[in-house]
Amino acid sequence: MTSPTGRKSYGVKGAPYAHPSPTTTLKRARSAPYFFLLPATVLFALFFALPIGYAVWLSFRKVHVSGLGLGAGARSEVWAGLENYRDALTDNEFYQGALRVLGYGCIVVPVMLGLALLFALMLDSERVRLAPFTRLAIFLPYAIPGVVAALLWGFLYLPDVSPFYYVLEKLHLAQPDLLDGGPLYLALSNIAVWGGTGFNMIVIYTSLRSIPVEVYEAAKLDGATPLQIALRIKIPMVAPSLVLTFFFSIIATLQVFNEPMTLKPLTNSVSTTWSPLMKVYVDAFAKGDIYSASAEATLIALATLALSFGFLRAANRRNKRDASQGAAQ
């Protein structure tokens, strides 16, 4: 059909610029978020969920050897049930490694979070000078890879090459061996504290900067000192950030691997199974028993999940109790 102007006219169905119907627009709007989530979901499934599921599957398997184990079909993978978990729970090396990590965590977590909170409060003070440079200086160790940091501190702990031992020798002071006995825990904890304090400090400091200035001004008008403002206003208001950093610290402590593994060649005090993850590494790559290693890794993951979930639940219960008490008052 030709219009009076000489141009072709189209029907509604053939219109080149026809708008989609409201139903089609609504469907597209509802499905759009899933298209954005699809790449992340695929990557999560391939590189996180699938390996975890495969490790759990291997933890219930074992190798059955027929005869001398020679020839085709002499070795076969069979169902083991809970045998690998029973062996891991009764393994003295795995148990001793868990105890060592527990002592290590009792040093690292409170010291690291205490320093992070102290530095965050100091940087949030009105009298602080060179705040940007100080923040960068405290955060910078976190940017150094864990293996590099462990190597750096490891050579600083060696009496033959450490400048600290040279100074102590010149001053005729005692030269403690930080890579043997009880001081070894302090040496390993120092590496973790030095590397992790900056990250936790940034998290707490960001939370402090989000507090409205009017809160501080009202406290000053009431005659509160800077110390009272820090203890009674700042710390309670950044409690969620403290919970978050404590949560991260627990996970990092239970999964400690880089520090003892890097220091192991420098001292005989660090065994090949010093931590549970080192035991997993030895079983998987030195002994070739991926089934026992999978069971041990699953136990570590379950312990991390249980401690983290228990802590978060206790923190939420306390927050609800404080909120109910505040509402009652």
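# A walk through helices, contacts and salt bridges

Visitor: Where should I put Thr197, buried or exposed?

Guide: Thr197 counts as buried, because its relative accessibility is 5% and buried means under 20% relative accessible area, with exposed over 50% and partly exposed in between (1.4 Å probe, protein chains only). Please keep in mind that this is a predicted model, in which local features need pLDDT of at least 70, side-chain atom pairs count only at pLDDT 80 or more, and totals for chains, interfaces and linings use all residues. Residues are numbered from 1 along each chain as its sequence is written, and side-chain values use heavy atoms, with hydrogens and water left out.

Visitor: OK, and which helix is Thr197 in?

Guide: Thr197 belongs to helix H7, residues 183-209, where helices (H or I, at least four residues) and strands (E, at least two) are DSSP runs numbered from the N terminus.

Visitor: What does its side chain reach?

Guide: The Thr197 side chain comes to 2.5 Å from the backbone oxygen of Val193, which is a polar contact, meaning a pair of N or O atoms within 3.5 Å, where within protein one must be able to donate a hydrogen and the other to accept it, and residues adjacent in sequence count only if both atoms are side-chain atoms.

Visitor: What about the start of H6, which atoms meet there?

Guide: Helix H6 covers residues 163-170, and at its start a side-chain oxygen of Ser162 reaches to within 3.2 Å of the backbone nitrogen of Phe164. After H6 comes His172, which has a positive phi, near 55°.

Visitor: Switching topic: how many salt bridges are there?

Guide: Searching the whole structure gives eight salt bridges, each being a side-chain nitrogen of Lys or Arg within 4 Å of a carboxyl oxygen of Asp or Glu. One of them joins Lys62 to Glu83, with the closest N and O atoms 2.9 Å apart. Lys62 is in strand S1 (residues 61-65) while Glu83 is in helix H2 (residues 83-89), so this pair ties together parts that are 21 residues apart in sequence. Lys62 is partly exposed at 27% relative accessibility, and Glu83 is partly exposed at 24%.

Visitor: And what does Lys234 pair with?

Guide: Lys234 meets Asp124 in a salt bridge of 2.9 Å, N to O. Because Lys234 lies in helix H9 (residues 226-237) and Asp124 in the loop between helix H3 (92-123) and helix H4 (131-143), the pair ties together parts 110 residues apart in sequence. Both Lys234 and Asp124 are buried.

Visitor: How about Glu296, which residue does it bridge to?

Guide: Glu296 forms a salt bridge with Lys279, where the closest N and O atoms are 3.0 Å apart. This links distant parts of the chain, with Lys279 in helix H12 (residues 276-286) and Glu296 in helix H13, 17 residues apart. Lys279 is buried at 2% relative accessibility, and Glu296 is buried with a relative accessible area of 2%. Through shared partners, salt bridges join Asp91, Lys279, Asp283, Lys287 and Glu296 into one network.

Visitor: Who else is in H13, say, where is Ala301?

Guide: Ala301 also has its place in helix H13, where it is partly exposed, with a relative accessible area of 45%.

Visitor: Last one: Leu50, where is it found?

Guide: Leu50 is found in helix H1, residues 22-59, and is exposed, with a relative accessible area of 53%.
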